[in-house]
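Here are a few friendly notes to read alongside the model. Keep the 3D view open and find each spot as you go.

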Amino acid sequence: MAQKPSIPKGTRDFGPQETAERNYIFDTIRRVFLTHGYSQIETPSMENLSTLLGKYGEEGDKLLFRILNSGDAFAGVDFEKPLTSQVCEKGLRYDLTVPFARFVVQHQNEIGFPFKRFQIQPVWRADRPQKGRYREFYQCDADAIGSNSQLCELELVQIIDEVFDRLGIRVALKINNRKVLAGLAEICGAPDKVVDITVAIDKLDKIGLDAVKEELLGKGLSAQAIATLEPILQLNGSNEQKIAVMRSQMAQSPTGLKGLDELEELVGFIGKAGVKIAYEIDLSLARGLNYYTGAIFEVKALDWEIGSISGGGRYDNLTGIFGLPNMSGVGISFGADRIYDVLKGLGKFPGDLGYSARILFANMGISEVEYLLPVASALRRKGVAVEIYPDPAKLKKQFDYADRKGIGFLSITGGDEVAAGTVQFKNLATGEQKSFAKDDLESILAFINK
């Protein structure tokens with residue numbers, strides 16, 4: 001008995017309509033990236049594990065897909081030692097930022113700085129599949145590296161604003177700064193616990209305050225330290241009010257005050273740039289990736305329940321891990337798969353996506369097809385998508401094919417039309433039907449484009 005075909009959990013097939021809709025997302029984001037001067041690059045699907053490990057924190061390392069070495073991977077293995085490091089030297093990329101940092105270091109003599117690049121490629125994470133969370137998904141990243149200026153952060157906020165405006169999705173942008181989080185760890189007397197604090201409070205929206213407090217207790221924070229953190233994580237008010245309160249709280253933390261200075265400057269830039277989306281400082285925003293050092297961002301859809309659909313931040317020394325220190329960068333990533341789910345759920349995709357052809361030439365026989373071949377070629381040269389039905393089937397079958405594919409015009413050209421040197425076209429939406437001279441492309445185009 002033949003095995004029932006299937007795909008791995010956390011992955012998806014996309015048919016022609018879905019692919020057209022995804023391309024709509026990619027093309028929209030790509031156009032915005034290009035208008036801001038970002039250049040496109042691509043990196044391999046797999047990287048050396050030495051490139052990936054240790055860049056995403058302990059939890060991130062657990063989610064890396066490791067690739068078994070080719071050939072007899074287990075030859076000469078010492079089974080008394082951990083197997084993974086002996087039989088796996090490569091892994092599927094977890095994100096696009098770490099491979100980008102590797103790319104910058106490897107190609108530093110070929111590129112100029114600041115270097116602004118974007119990538120639209122798939123990434124893989126060995127996560128538990130659930131709504132809005134997949135094991136294979138696309139990211140659309142833009143990064144600027146080689147400048148400390150927060151004008152780079154502003155530009156990414158403007159890109160977020162433009163992308164979601166073009167896609168018709170209402171979103172809210174949350175902003176924080178990892179230096180502020182480091183300051184929080186200092187003022188609660190646990191500067192060595194900044195990673196534990198960051199990982200825990202990054203889950204605040206998902207698991208709630210009580211669960212976060214339990215996790216912090218489990219990580220060794222005292223009840224007093226958690227009591228210091230709690231009102232800050234729930235701080236309300238305007239951006240200016242939040243910064244003012246935090247300045248008084250962090251008077252003894254130079255790192256925290258530096259982060260507040262950066263937040264204040266960035267919020268000022270955003271206000272003067274005329275950004276339309278709603279934005280706020282959220283002191284509970286942490287973003288779990290270890291390489292962030294400054295501003296951090298997260299974007300959520302307002303009209304559809306799903307996790308963040310975009311996020312990013314500033315990283316000061318990611319390239320230093322690969323031998324190029326003092327190269328600060330900042331980036332943003334759009335989660336194309338979640339954006340797809342939002343657009344699908346809200347019915348926001350344009351209605352004419354996925355139509356593979358404007359015209360179907362019915363197949364009435366070999367002589368009629370040979371007569372139509374130069375007409376079809378001429379229309380294609382004019383940019384019109386054209387199909388010729390491959391078999392001389394019954395007309396009902398050919399009509400059904402056009403209807404199923406959403407083709408708007410059908411040409412039924414038989415022996416009489418061939419003898420008269422004409423071509424007949426029918427608008428399948430209105431029923432209007434007209435005949436034209438075979439070479440009268442101008443009139444044919446006017447008919448199908450009116």
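1. A word to start with: a cavity is a set of grid points where a 1.4 Å probe fits but cannot get out, and its lining residues have an atom within 4 Å of a point. Please also keep in mind that this is a predicted model.

2. How many cavities of 30 Å³ or more does a search of the whole structure find? The search gives 1, and the volume of the largest cavity is about 30 Å³. Its lining is made by Leu209, Val212, Lys213, Leu216, Ile226, Leu229, Glu230 and Leu233. Helices H10 and H11 (223–233) are the elements that give two or more residues to this lining. By class, the lining has 6 nonpolar residues, no polar ones and 2 charged ones.

3. Now follow H10 to one of its neighbours. Two packed helices are described by the angle between their axes and the distance between the axes. For helix H8 (residues 194–201) and helix H10 (residues 209–218), the axes come within 9 Å and cross at roughly 160°. Angles over 145 degrees count as roughly antiparallel, so H8 and H10 are roughly antiparallel to each other. The crossing of H8 past H10 is right-handed.

4. Which residues make this contact? From H8 come Asp196, Ile197, Val199, Ala200 and Ile201, while H10 supplies Val212, Glu215 and Leu216. In the contact of H8 with H10, 6 residues are nonpolar, none are polar and 2 are charged. Look out for Val212 and Leu216, which belong to this contact and also line the cavity.

5. H8 has a contact with helix H7 (residues 178–187) as well: their axes come within 9 Å and cross at roughly 115°. That angle makes H7 roughly perpendicular to H8. H7, too, passes H8 in a right-handed crossing. On the H7 side the contact uses Arg178, Leu181, Ala182 and Ala185, and on the H8 side Val194, Ile197, Thr198 and Ile201. The classes here are 6 nonpolar, 1 polar and 1 charged. Ile197 and Ile201 of H8 take part in the contact with H7 and in the one with H10.

6. Two backbone details are worth a look. Most residues other than glycine have a negative phi, and most peptide bonds are trans. The peptide bond from Phe113 to Pro114, however, is cis, with omega near -5°. You will find Pro114 in the loop between helix H5 (97–106) and strand S5 (115–124).

7. Where is Asn326 found? Asn326 sits in the loop between strand S10 (310–315) and strand S11 (329–335). Its phi is near 55°, a positive value in a residue other than glycine.

Methods. Residues numbered from 1 in each chain as written. Predicted model: local features only at pLDDT ≥ 70, side-chain atom pairs only at ≥ 80, totals over all residues. Heavy atoms only, no water. Axes fitted to C-alpha atoms, helices over the stretch in contact; angles between N-to-C directions. Helix = DSSP H or I, 4+ residues; strand = E, 2+ residues; numbered from the N terminus. Parallel < 35°, antiparallel > 145°, perpendicular 65-115°, else oblique. Left-handed = near helix turned anticlockwise from the far one by under 90°. Contact = heavy atoms within 4.5 Å. Nonpolar A, V, L, I, M, F, W, Y, C, P; charged D, E, K, R; others polar. 1 Å grid on protein atoms, 1.4 Å probe; cavity = no way out; pocket = protein on both sides within 12 Å on 5 of 7 lines; lining within 4 Å. Points joined across faces, edges and corners; volume = space filled by probe spheres on them.
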